[in-house]
Amino acid sequence: MVIELVLMLILLQGLRKAGSLDYPDLFLPLGKWISTVLLLPLIIYILIIPILSVRFFAELMIIVFIARSPLYAILALLCLLMLFGSSIGPQGILRASTLTTVFNIPILLFALSACMTNSKFIKIFPLVNLSMDFLIEGKLLTTLFSICPFLLLGMLPPICKVQMKSILITLLPIALLYISIVYIPILIYGVNAAKLMNFPLMTSLDSVNITWSIFNRISLFYAVALLAFVMTLSTFSLWSSALMIHKMIPRWKEKYIRPGLTLVVFVVTLIIPSWDRYVEILTKDTWFRLMIYMIIPVAVYFRGRFIESQERKRVLLK
């Protein structure tokens, strides 16, 4: 979260200086080669978000909802929902995001708080891992996938005003939510057991027995809330990728780009055969994500400074 805060501050400062410009509007004036070097990896990066998110949730659906359904059918359904969502445009996606948050945050908080009945707070100790062995193993870098959506903020300026203060305030409850998600399995099973599980939070939710709820498993509340968030994120990522490709190659129409990218997402998610292979891919593309994290916010910041200085000169000349 600290890494995300630093990167987001750099990105938001650049966007504020640049005005109502998104990534293509910022980088395309730099010329064909420079803009391609910056935008093409960014498009791939943003497209990886729905690929990994949809594949993750499909695995989760098999565990929680529909164990006997074939993987391709679940992926096809999720991809069609994503395509339909991206076709309604950015304003519709943002409205849906607001509605999703209002309805599903309470559901998510209920599911997480229900786990407190099985928690033993003595297992929270030791609070600090003084050996810092997780840094040597490199697993910390893999978890940086969870902060990757922050770069989607760069597609918002033409749609709505990006308010830095509001976004930064939002980071506080998100950080608390992250801490809860990490510590709930630890408080229930302990560190040594929790780190061996593929889905520690889902396993923790399944340990709760509440007979009066509408679902017979608390994990269903979590899965329903997560579905809405995954679809919203994947939809906006698909729309953003299609728009950037359209601005790079104007003769390609968005209405054709979106189905093409959806097909790419479906095929790539389908060829990931197992959860172990998914984790392997998630680990291997860490360095690519780190490169994007470092280059894009800095490029936006300096590009924004240049645009701001040019605007000041233009005003002074008048």
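Is Asp25 buried, partly exposed or exposed, and what is its relative accessible area? Asp25 comes out as partly exposed, at 29% relative accessible area. Keep in mind that this is a predicted model.

**Salt bridges**

Let's stay with Asp25 for a moment. Its salt-bridge partner is Lys247, with 3.2 Å between the closest N and O atoms. Asp25 sits in helix 2 (residues 23-27) and Lys247 in helix 11 (residues 218-248), so this pair ties together parts that are 222 residues apart in sequence. Lys247 is partly exposed too, with a relative accessible area of 25%. As background, side chains of opposite charge can pair when their charged atoms come close.

The structure has 9 salt bridges, and here are some of them:

| Salt bridge | N to O distance |
|---|---|
| Asp25 and Lys247 | 3.2 Å |
| Arg258 and Glu254 | 3.6 Å |
| Arg312 and Glu308 | 3.7 Å |

Arg258 and Glu254 both belong to helix 12 (residues 254-270), where being 4 residues apart puts about one helical turn between them. Arg312 and Glu308 have that spacing of 4 residues, or about one helical turn, in helix 14 (residues 286-317). As for accessibility, Arg258 is buried, with a relative accessible area of 13%, whereas Arg312 is exposed at 54%. Arg312 and Glu308 are also part of a salt-bridge network that takes in Lys17.

**Inside the fold**

Now for the nonpolar side. The largest nonpolar core counts 91 residues, and Tyr23, Phe27, Leu42, Tyr45, Leu151, Tyr222 and Tyr293 are the ones with the most contacts inside it. Helix 3 (residues 32-64) supplies the largest share of this core, with 17 residues. Take Tyr222: setting aside residues up to four places away in sequence, it touches Leu60, Leu108, Ala111, Leu201, Met202 and Leu205.

Beyond its neighbours within four places in sequence, Thr100 is in contact with Ile105, Ala228, Phe229 and Thr232.

**Out on the surface**

Which residues form a nonpolar patch on the surface? They are Ile122, Phe125, Leu127, Val128, Leu130 and Met132, and together they have about 690 Å² of accessible area. Met132 is found in the loop between helix 5 (89-114) and helix 6 (133-137). With 37% relative accessibility, Met132 counts as partly exposed.

Key: Residues are numbered from 1 along each chain as its sequence is written. This is a predicted model: local features need pLDDT of at least 70, side-chain atom pairs count only at pLDDT 80 or more; totals for chains, interfaces and linings use all residues. Side-chain values use heavy atoms; hydrogens and water are left out. Patches are made of residues with over 30% relative accessible area and no salt bridge: like charges are joined within 9 Å, nonpolar side chains (Val, Leu, Ile, Met, Phe, Trp, Tyr) within 5 Å. Accessible areas come from the Shrake-Rupley method with a 1.4 Å probe; for residues, only the protein chains shown count as cover. A salt bridge is a side-chain nitrogen of Lys or Arg within 4 Å of a carboxyl oxygen of Asp or Glu. Helices (H or I, at least four residues) and strands (E, at least two) are DSSP runs, numbered from the N terminus. Buried means under 20% relative accessible area, exposed over 50%, partly exposed in between (1.4 Å probe, protein chains only). A nonpolar core is a set of buried Ala, Val, Leu, Ile, Met, Phe, Trp, Tyr and Cys residues joined through side-chain atoms within 4.5 Å. Contact means heavy atoms within 4.5 Å.
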